[in-house]
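Welcome! Have a look at the protein below and then work through them in order.

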Amino acid sequence: MHSKALSGRWLVSLFAALGLFVTLNSVIGAAEDAGSVGFVYVMTNKSTGNSVIQYRRTGNGSLTWLREVATGGNGTGANGADPLGSQNSLVLGGDGKLLLAANAASNEISVLGVINDKLVWLSKLPSGGTFPNSVALFGDLVYVLNAQGTPNITGFRLDTNGILHAIPNAMVDLPSGSTGANDIRFTPDGGHLLITVSGTNQILLFDVGDDGVAGSPEVQPSAGASPFGIAFGHDGVMIVSEAAGSASSYRLNDDTLEAISGAVADTQNASCWISVTKSAREAYVSNTGSGTISSFRISGKGELTLLDAVAANPGGAPIDSALSRDSAFLYVVESAQGKILIFRNRGDILLPIGTVSVPIGSQGIAAQ
């Protein structure tokens, strides 16, 4: 009898402890969910004065407007679905403390910093060409894609005060017909630059020397039509979205791009912008012409398979996208209607959880 009573009291104590544990975890989880965990930045591309809006991102993915900071240059002010024809017009440094913004109409690059969680303007410099629409950053090395006039790439060093300095002899013209190139990215080791040119179905590959000077471009054929956005997975695997309605993966081998999976169709239209999760297992592609977002699986070997042609169906014309640093949330610019679409990432499924308004014509987004 005494033993049974003792067992009963022990079970009651155990269940009470378990209940307290669950309750405490629920409280902690709710606190984390409601707390401030990061920022999202959107470039307005306004012709009357380009600017970057800083939003606070909470644990539940919602965004709160904090401030708008002028870049000191001008955007295009265009009101279409794709004002700049590019990806990575706004780039966040790896430590989350610096932003590089392309002022396409005034041919300048601006540097903004995050000091005590507050976005501030630091500097600007001519881009070295006409219509800068994409920026690449690796350490203190910066390259800008100037997509119009005589298209070129121009290299800079970024000092510790957030000021750009042009690198001597680091301006390289693109091949004839490259007007309107779409994205510039460093390889993960910083040894090469890559540029997509959707109009010629080509990817341009540049060696980058220890002095930061890029060599002449090597023209690589794209595995799919109209290559547009570039993102990287594990082991240097490159994933490219293709406006023709597909995506391809590549491996760089001896200064040559070798296709792993070529032109994996998503059955959608204008599949231009791409984001890859932190785990490098999934990629999300914005299909501007269809008003949808597709999801792809990335294998350990870099092979692509379509998970869901319509992982989300927000309508409108979704373009630029960025994942939070933990990949729990995807933020997508809808420039034509002036809003940011917010999704919770469940792996192969995107759950819409809200929107925030931005100026019509906005383009360029970065998240942390």
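**Exercise 1.** Is Glu 108 buried or exposed?

*Before you start.* This is a predicted model, in which local features need pLDDT of at least 70 and side-chain atom pairs count only at pLDDT 80 or more, while totals for chains, interfaces and linings use all residues. Residues are numbered from 1 along each chain as its sequence is written, and side-chain values use heavy atoms, with hydrogens and water left out.

*Solution.* Step 1: recall the cut-offs: buried means under 20% relative accessible area, exposed over 50%, and partly exposed in between (1.4 Å probe, protein chains only). Step 2: Glu 108 has a relative accessible area of 15%, so Glu 108 is buried.

**Exercise 2.** Which side chain meets that of Glu 108 in a salt bridge?

*Solution.* Step 1: a salt bridge needs a side-chain nitrogen of Lys or Arg within 4 Å of a carboxyl oxygen of Asp or Glu. Step 2: the partner of Glu 108 is Lys 124, at 3.2 Å from N to O. Strands here are DSSP runs (E, at least two residues), numbered from the N terminus. Step 4: Lys 124 has a relative accessible area of 35%, so Lys 124 is partly exposed.

**Exercise 3.** In which sense do β6 and β7 pair?

*Solution.* Step 1: two strands pair if DSSP finds at least two bridges between them. Step 2: β6 (residues 108–115) and β7 (residues 118–126) have 8 bridges and pair in the antiparallel sense. Step 3: across this pairing, Val 111 stands opposite Ser 123. Step 4: the two strands form a hairpin with 2 residues between them, and Asn 116 in the turn has a positive phi of about 50 degrees. For comparison, most residues other than glycine have a negative phi.

**Exercise 4.** Where does the salt bridge between Glu 282 and Arg 297 sit?

*Solution.* Step 1: the side chains of Glu 282 and Arg 297 meet at 2.4 Å, N to O. Step 2: Glu 282 lies in β21 (residues 282–287) and Arg 297 in β22 (residues 292–298), so the pair ties together parts 15 residues apart in sequence. Step 3: Glu 282 is buried at 9% relative accessible area, whereas Arg 297 is partly exposed at 33%.

**Exercise 5.** What is the phi of Asp 255?

*Solution.* Step 1: Asp 255 lies in the loop between β18 and β19. Step 2: the phi of Asp 255 is positive, about 60 degrees, although Asp 255 is not a glycine.

How values were computed: Helices (H or I, at least four residues) and strands (E, at least two) are DSSP runs, numbered from the N terminus.
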